[in-house]
Amino acid sequence: MATLAELGEERTAAIGEKLFEIGDATYPFIAIIEGEAAVTDAAGREIVRHGASGFLGEMNLLSGQTVFLTAIVTEPMRYIAVERETLRRLLFEDASLAELLLPAFIQRRELLQQRQGIGVEIVGSHESAETRRLLDFVRRQRLPYTWDDPTEDLEAAALIERTAEDELPLVRLPGGVELRRPSNGELSRALGIGLQLAPREEVDLLVVGGGPGGLGAAVYGASEGLDTLVVESTVLGGQAGTSRRIENYLGFPAGITGSELTGRAITQARKFGARTATPYRAKALAPGEERHVVSLDEGNEIAARAVLLSTGAEYRRLPVEGLDRYEGVSVFYAAGPPEARLCGAQRVGVVGGGNSAAQAAVWLARGGALVTLLHRRADLTETMSHYLIEELDRYGVAVRDRSEIAALHGEDGRLDAVTLTDGAEVPLSFLFLFLGASPCTEWLGDTVARDAKGFILTGPDAGAEGLLETSVPGVYAAGDVRAGSIKRCATAVGEGATVVRFVHERLAPAAV
Ligand SMILES: Cc1cc2nc3c(=O)[nH]c(=O)nc-3n(C[C@H](O)[C@H](O)[C@H](O)COP(=O)(O)OP(=O)(O)OC[C@H]3O[C@@H](n4cnc5c(N)ncnc54)[C@H](O)[C@@H]3O)c2cc1C
């Protein structure tokens, strides 16, 4: 409190006063000296009360998103208000305060995601690919949201009747603003998330992909004086950001959630001055002598003296007919708090024999789902860590060996059962797929050399001089997207950091 008092402003507030309100673009961090405030949702339902020594705030203090909740004084208050930018600086400098606040912000966001009626409201049918796109986007952004499907909700059905087909889905933002079929970028910027890029930008190092590899490069690049920009097509953090618990990252003996690990990395990269821009998808690379130009889906062009490709890999889909009708409704590729909420007391299938399938199965079983893990080999020990096999047993996950799905059954995207290749029918309401991943490199065409599976070749394999350099001088690859990579967080971070050294050598050969 003493530290906060030095940097913030002491204020008072009377009963009934609003400290911040849904839709506000910004609010300060509030540390309560005395008194009490209630936090409520849009319908006025109380979520929590905080009193003396408590504090108000969650992830949007750092991400810059619009406010999702209202805070009303319930007992006369004396409090310290710390403006957002000051708080950010303080979190960089004061490790013990960061230890206290950051996990609380992250946990509060996870709890908000589990509640109905908070955040963005999406009105659209599960049959619409545009609705599914937006649902996928808000889930990946870990935004709290409510989805009104007109097939289930009369009010939503009436609203949809009055709206032109090409304006659907409707998205209502906290505070009442309504968007009609927004692009992911439009929705992001309306919520105040993310940097808006100029039509043409010039940087020293452009990092394409904001997973651990890209973030590793951003931290080291920016801290060593390179003008660094990260563009990310979905949400910063990459695959690692979706991991429930990373147990093998150096320095975290008790494990750390993927979102916390990558959240800290993002804060660290920004602290050193790296810029991060989302959601911007790279769609072409044009190599040049002095600068390479990367074009983005919204029409922007980034001219960079060096480019790091760290676009990772994307989940493989199940080769069955009609899968897209179920995706986002009852078939998922990650198991987070919103999915766990959906699946309580339901029959759930998790497909895959690797550690990520095991982690998801355990997480869903702990949330009260009846989980069956389906995998195609005879024995899990070939592909899964021993401790996770024990966890499956401990949490009552049924394991079905030699099982592959041949068909999905259900209506309106809602799964009822699956048929396996041996003809057996298994009743399941939800399916989570963890079938490995393919590299996100199609957008590169043949500008850089890739292997037969599409992973980017580097070093001698690409005919390049530098270790992590691709077949195009000044264009590097790091992390899961690189042919022969280890596919772990630590190795992706290490490769990203290593590339920075090569970039320095290239940009200032005489100085190194
Ligand atoms: C559920 C799960 C659990 C895991 N658990 C662990 C663990 O416990 N320990 C461990 O060490 N590893 C774990 N891993 C593996 C680890 O997460 C990956 O090895 C690591 O994330 C790879 O980092 P990366 O930066 O190379 O790629 P990614 O993390 O895949 O990041 C790539 C990023 O690039 C973006 N992108 C793709 N295409 C474009 C484009 N055209 N334009 C702009 N951006 C683009 C993507 O959206 C993505 O955010 C786990 C993975 C998963 C999925």
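**Strands β7 and β9 in the predicted model.** In this predicted model, strand β7 (residues 120–123) and strand β9 (residues 170–172) run antiparallel and are joined by three bridges. One of the residues involved is Val123, whose bridge partner in β9 is Leu170. In general, strands of a sheet pair through backbone hydrogen bonds, either parallel or antiparallel.

**The four-stranded sheet around β7 and β9.** The sheet is open, and its four strands follow the order β8-β7-β9-β10 with mixed pairing. Strands β8 (145–148) and β10 (178–180) form the edges, each pairing on one side only. On average, neighbouring strands of this sheet are turned by 20 degrees against each other, direction ignored.

**Helices on the sheet.** Helix α5, residues 129–140, lies across β7, β8 and β9 and runs at about 165 degrees to β8. Helix α6, residues 154–161, also packs on the sheet, where it touches β7, β8 and β9. The direction of α6 makes about 65 degrees with that of β7.

**The second largest pocket.** This pocket holds about 750 Å³ of space. It is lined by 31 residues, of which Met59, Ser63, Leu236, Ile266 and Arg270 are the closest to its centre.

**Elements and residue classes in the pocket lining.** Two or more residues of the lining of the second largest pocket come from each of α2 (60–63), α3 (84–93), α4 (95–113), α9 (258–271) and β13 (275–277). Helix α9 gives the largest share, eight residues. Sorted by class, the lining has 11 nonpolar, 12 polar and eight charged residues.

Conventions. Residues are numbered from 1 along each chain as its sequence is written. This is a predicted model: local features need pLDDT of at least 70, side-chain atom pairs count only at pLDDT 80 or more; totals for chains, interfaces and linings use all residues. Side-chain values use heavy atoms; hydrogens and water are left out. Two strands pair if DSSP finds at least two bridges between them. Axes are lines fitted to C-alpha atoms, for helices over the stretch in contact, and angles run from 0 to 180 degrees between N-to-C directions. Contact means heavy atoms within 4.5 Å. On a 1 Å grid over the protein atoms alone, a cavity is a set of points where a 1.4 Å probe fits but cannot get out, and a pocket is an open set with protein on both sides within 12 Å along at least five of seven lines; lining residues have an atom within 4 Å of a point. Grid points are joined across faces, edges and corners, and a volume is the space filled by probe spheres set on the points. Ala, Val, Leu, Ile, Met, Phe, Trp, Tyr, Cys and Pro count as nonpolar, Asp, Glu, Lys and Arg as charged, and the others, Gly among them, as polar.
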